[in-house]
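Me: I am new to this structure and would like to learn how to read its features one at a time. Please give the general idea and then the case at hand.

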Amino acid sequence: MTEPPQPPNQPPTPSGYGHLPGPPQQAYGYPQQGENPYAGAPAHPLQPGYPPQPPTVPAYPAPGLQPPAPGTPGMPPKKKTTLLIAACVVSALVLGGAGYLAFGTGDQDPKQPVAQESGDAKPSGSPSVDDGDGSGPGGNQQTDLNAGRKQGEDKVLWLKTTKIDGPGAGVATQGQWVVGDTVAKIVGKTIKGYAVADGKEKWTITFPADVCGTTKRTTDDGKTVVLYEDGPSETANCNQLRMVDLKTGKEGWSKEVAKESAFDMFIDPSLAMTGDTVTVNRLTRATAFRISTGEKLFGSPSEGCVPGAYAAGNGKLIGVATCNDTDMTVEVQDADPVTGKKTWTYRLPKGWKVARVYGLDPIVLHLTNAGTKENSIVVLGPDGKQRTTLSGEGTFSTECSVSHDDSLQGCATAVVDAGTLYLPTKADLGKANEIVAFDLATGKAKWRVPAGEGRTLEPLKAANGQLIAYRKAEPDQGGEVVSIPAGGSTPTALLRHPSGPSAPIESSFYSPDVDYSDGRFFISTTRLLAQDKDEKLLMVFGK
């Protein structure tokens, strides 16, 4: 493959990168005009009918069953057409080979029992008193999910189910936070806090309309910010901002996010947080607010290269901007979290966009080119200059759920820590995948750890030189939380989930939210069928 000429300080087109069949990945910055991978669909954000819809993806196929036909209940609602764009097709990095991303397993509920808490050693945190209303682990017990536990297996601490009646498209439940002794979960327009020890409900916050934007980040004292719609109508805008305290269940300030210009459209809104700053990102503009007070800090400039999204973390903020030139070039900028002022810029070559930001210290960018269907992962230094480009063998994937997290830092199972990027290879049905660790200084793979026969490993987080990963459950085998040493040697099991009645439930969570905190593993669904039947919502494992 002949490499095109590269402007100074630009990412090279990596030889050996495969071509992705089907629609391209979602990327930040305007789509390149010219070849349209969506046949007959508008290629420009300001043309009527944009964005084009991705292929229909089944929301809840049961394990072992064929996916339902398009239009089946459980699909995302049509009112969210503007929110469900090509990012659901996912960013898939292909290094050294062609491939595509599979969307994972289904999420149709088997009969849902209520977990019975075992009498073994108690986790940290004080269990709440069960008042006998059926919502705690002591109420309406149907099946002991820990029955027949094998030697060495840990246990289900509790399972939370819910029974709601909603629209035919189902109800979004994306959003899960673990803060101290509380785990908070969104269902539609409600956030509920549960005790991590036993699942007893601690508090409820109900918004005027559906929650439509979240960030997994919180402040050090457990606060976060969410977006919700300005009404229940089909044409509602996702422009209402509210701060909430996830430890206490108390609501803070609220405000409407004003338009920055006549062309400011609240399409694909998302949030990014660092320190005391939260940014509200959308199609062409972004606005920053102070988390503690709700004060507006800065907005996008009216001319030049205009950021439509920011990525945040580690006290840093970087923006992805579209430049007002004939090629609609994309530029990455650093930004002061309080003033928004930039000190460096990194201009991408024509046709390249930013699909994801994997890390900010150092800055690790996943770039895509829709025209050539190429991918590249580049590493920038603190001055915005390119340090290296990753290369390796295999097909690498970052999943995005149907319920959709289209933020710069969303849809990713990639983890960055201490100069290393951990990426999972694509998991083919019935075949094991592996996690590959890349040295961000050299761009080369350091080690590869296989998941084991027929299993799938997914990075969760990295700390103290070790990677924490989730070996996904199978219908007849519980999942595991494992620790992989810095050198990539044999993983050590931190939790072994039981393989009895709980395994088919754990394995059927579709594109779930997952967390590992204080020795517990949390897994929750990101969409409910909402057909007035019991459905699993949140499941917790521990010692």
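Me: In what order do the four strands of the open sheet stand, and what is the pairing?
Reply: Two strands pair if DSSP finds at least two bridges between them. Strands are DSSP runs of E with at least two residues, numbered from the N terminus. Here four strands form an open sheet in the order β16-β17-β18-β19, and the pairing is antiparallel. The model is predicted: local features need pLDDT of at least 70, side-chain atom pairs count only at pLDDT 80 or more, and totals for chains, interfaces and linings use all residues. Residues are numbered from 1 along each chain as its sequence is written, and side-chain values use heavy atoms, with hydrogens and water left out.

Me: Which are the edge strands?
Reply: They are β16 (305–313) and β19 (345–347), each of which pairs on one side only. From one strand to the next, the twist averages 20 degrees. Such angles are taken between N-to-C directions of axes, which are lines fitted to C-alpha atoms (for helices over the stretch in contact), and run from 0 to 180 degrees.

Me: How many bridges pair β16 with β17?
Reply: Eight bridges pair β16 with β17 (residues 316–323), in the antiparallel sense. Within this pairing, C305 stands opposite C323 in β17.

Me: What joins C305 to C323?
Reply: As a general idea, a disulfide is a covalent bond between the sulfur atoms of two cysteines. The criterion is a pair of cysteine sulfur atoms within 2.5 Å. In this structure a disulfide joins C305 to C323, with an S to S distance of 2.1 Å. The link is right-handed, with 105 degrees about the S-S bond. It connects distant parts of the chain, C305 in strand β16 and C323 in strand β17, 18 residues apart.

Me: Is C305 buried or exposed?
Reply: Buried means under 20% relative accessible area, exposed means over 50%, and partly exposed lies in between (1.4 Å probe, protein chains only). C305 counts as buried because its relative accessibility is 13%. C323 also counts as buried, at 4% relative accessibility.

Me: How many disulfides does a search of the whole structure find?
Reply: The search finds two disulfides. C212 and C238 form one of them, with their sulfur atoms 1.9 Å apart. The torsion about the S-S bond of C212 and C238 is about 100 degrees, so this disulfide is right-handed. C212 lies in strand β8 (residues 211–213), and C238 lies in the loop between β9 (223–228) and β10 (240–245), so the pair ties together parts that are 26 residues apart in sequence. C212 is buried, with a relative accessible area of 17%, and C238 counts as buried at 5% relative accessibility. When the bonded cysteines of the protein are numbered in sequence order, the pairing is 1-2, 3-4.

Me: How many salt bridges does the structure hold?
Reply: Side chains of opposite charge can pair when their charged atoms come close. A salt bridge is counted when a side-chain nitrogen of Lys or Arg is within 4 Å of a carboxyl oxygen of Asp or Glu. The structure holds 22 salt bridges. One of them is between K202 and D181, with the closest N and O atoms 3.0 Å apart. K202 is in strand β7 (residues 201–206) and D181 is in the loop between β4 (176–179) and β5 (182–187), so this pair links distant parts of the chain, 21 residues apart. K202 counts as partly exposed at 36% relative accessibility, and D181 is partly exposed with a relative accessible area of 42%.

Me: With which residue does E260 form a salt bridge?
Reply: The partner of E260 is K296, and the closest N and O atoms are 3.3 Å apart. E260 lies in the loop between β11 (250–256) and β12 (270–274) and K296 in strand β15 (residues 296–299), so the pair ties together parts that are 36 residues apart in sequence. E260 counts as partly exposed at 25% relative accessibility, and K296 is partly exposed at 44%.

Me: How many residues of strand β33 are buried?
Reply: Four of the five residues of β33 (residues 513–517) are buried, and the strand is mostly covered. Five bridges join β33 to strand β34 (residues 520–524), and the two run antiparallel. S517 stands opposite R520 in β34. The hairpin of β33 and β34 has two residues between the strands, and D518 takes a positive phi near 50 degrees there.
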